[in-house]
Amino acid sequence: MVAVVPFTRERISDVLAFERELRRQEPDTFFMDAGESYRDLLERSFEDSRFTNAVSMLAWEDGRVIGRGDAVILAARSDASCSTAYLDWICVLKEERHRGVAQLLLQELRRALKERGVETLIAIMAHNPESVRFYNAIENASVHDEAVWMDL
């Protein structure tokens with residue numbers, strides 16, 4: 001059974017294993033190295049105040065990460081209420097797709113963001129068939145040009 005849990009410092013090694021597997025499965029899509037310099041950046045992110053508005057969730061099953069979703073609450077003076085967030089990344093291992101994992105990640109991200117006062121989640125939609133199908137199936141969402149606006 002898949003559980004969605006927050007991405008914490010204690011799970012960095014698991015996230016790196018997930019990202020290495022992701023790159024192995026889809027080398028043409030995910031090519032950034034998930035090595036030691038990336039580990040260092042992740043470690044520091046948990047101390048860095050710039051990440052205060054970051055919300056990251058992991059899909060966890062059988063002792064490993066099979067998916068990840070990251071959003072950031074936008075702190076712009078154009079929206080002084082900080083009621084909008086941007087979906088930065090949602091990804092599931094290719095072998096685990098079409099099991100509802102991405103939907104679970106998105107559901108938990110939306111719940112966590114709503115708890116923090118966010119009303120709208122915006123994503124830039126990729127133009128591959130899987131992404132289009134995924135975003136078009138989201139409840140309470142509509143596509144605006146290249147972005148997807150989701151009510152929380």
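Biologist: In which helix is L16 found?
Modeller: This is a predicted model, and in it the helix that runs over residues 12-25 contains L16. The name of that helix is α1.

Biologist: Is L16 buried or exposed?
Modeller: A residue counts as buried when its relative accessible area is under 20%. L16 has a relative accessibility of 1%, and therefore L16 counts as buried.

Biologist: How far apart in space are L16 and R39, C-alpha to C-alpha?
Modeller: Along the sequence, L16 and R39 are separated by 23 residues. In space, the distance from C-alpha to C-alpha is 7.5 Å.

Biologist: What should helix α3 span at 1.5 Å a residue, and how far apart are its end C-alpha atoms?
Modeller: Helix α3 covers residues 101-115, which is 15 residues. The expected span is 1.5 Å times one less than the number of residues, so α3 should span 21 Å. The end C-alpha atoms agree with this expectation, as the distance between them is 21 Å.

Biologist: Which residues of α3 are buried?
Modeller: An α-helix has 3.6 residues a turn, so residues three or four places apart point the same way. In α3, the buried residues are V101, A102, L105, L106, E108, L109, R110, A112 and L113.

Biologist: Which residues does I90 touch, not counting residues up to four places away in sequence?
Modeller: I90 is one of the residues with the most contacts inside the largest nonpolar core. With residues up to four places away in sequence left out, I90 touches R68, G69, A102, L105, L106, F134 and Y135.

Biologist: Which element gives the largest share of the lining of the largest pocket?
Modeller: The largest pocket has a volume of about 690 Å³, and of the 29 residues that line it, the closest to its centre are I90, C91, E130, S131 and F134. At least two lining residues are supplied by each of β4, α3, β5 and α4. By class, this lining has 16 nonpolar, 6 polar and 7 charged residues. The largest share, 7 residues, comes from β4.

Biologist: How many nonpolar, polar and charged residues are in the lining of the second largest pocket?
Modeller: The second largest pocket, with a volume of about 530 Å³, is lined by 19 residues, of which F51, A54, S56, R68 and D70 lie nearest its centre. The elements α2, β2, β3 and β4 each supply at least two residues of this lining. Its residues divide into 12 nonpolar, 3 polar and 4 charged.

Biologist: What is the phi of D62?
Modeller: Most residues other than glycine have a negative phi, and most peptide bonds are trans. D62 lies in the loop between β2 and β3, and D62 counts as exposed because its relative accessibility is 73%. Although D62 is not a glycine, its phi is positive, at about 50 degrees.

Biologist: What is the phi of C82?
Modeller: C82 is located in the loop between β3 and β4, and C82 is partly exposed, with a relative accessible area of 25%. C82 is not a glycine, yet its phi is positive, at about 55 degrees.

Key: Residues are numbered from 1 along each chain as its sequence is written. This is a predicted model: local features need pLDDT of at least 70, side-chain atom pairs count only at pLDDT 80 or more; totals for chains, interfaces and linings use all residues. Side-chain values use heavy atoms; hydrogens and water are left out. Helices (H or I, at least four residues) and strands (E, at least two) are DSSP runs, numbered from the N terminus. Buried means under 20% relative accessible area, exposed over 50%, partly exposed in between (1.4 Å probe, protein chains only). On a 1 Å grid over the protein atoms alone, a cavity is a set of points where a 1.4 Å probe fits but cannot get out, and a pocket is an open set with protein on both sides within 12 Å along at least five of seven lines; lining residues have an atom within 4 Å of a point. Grid points are joined across faces, edges and corners, and a volume is the space filled by probe spheres set on the points. Ala, Val, Leu, Ile, Met, Phe, Trp, Tyr, Cys and Pro count as nonpolar, Asp, Glu, Lys and Arg as charged, and the others, Gly among them, as polar. A nonpolar core is a set of buried Ala, Val, Leu, Ile, Met, Phe, Trp, Tyr and Cys residues joined through side-chain atoms within 4.5 Å. Contact means heavy atoms within 4.5 Å.
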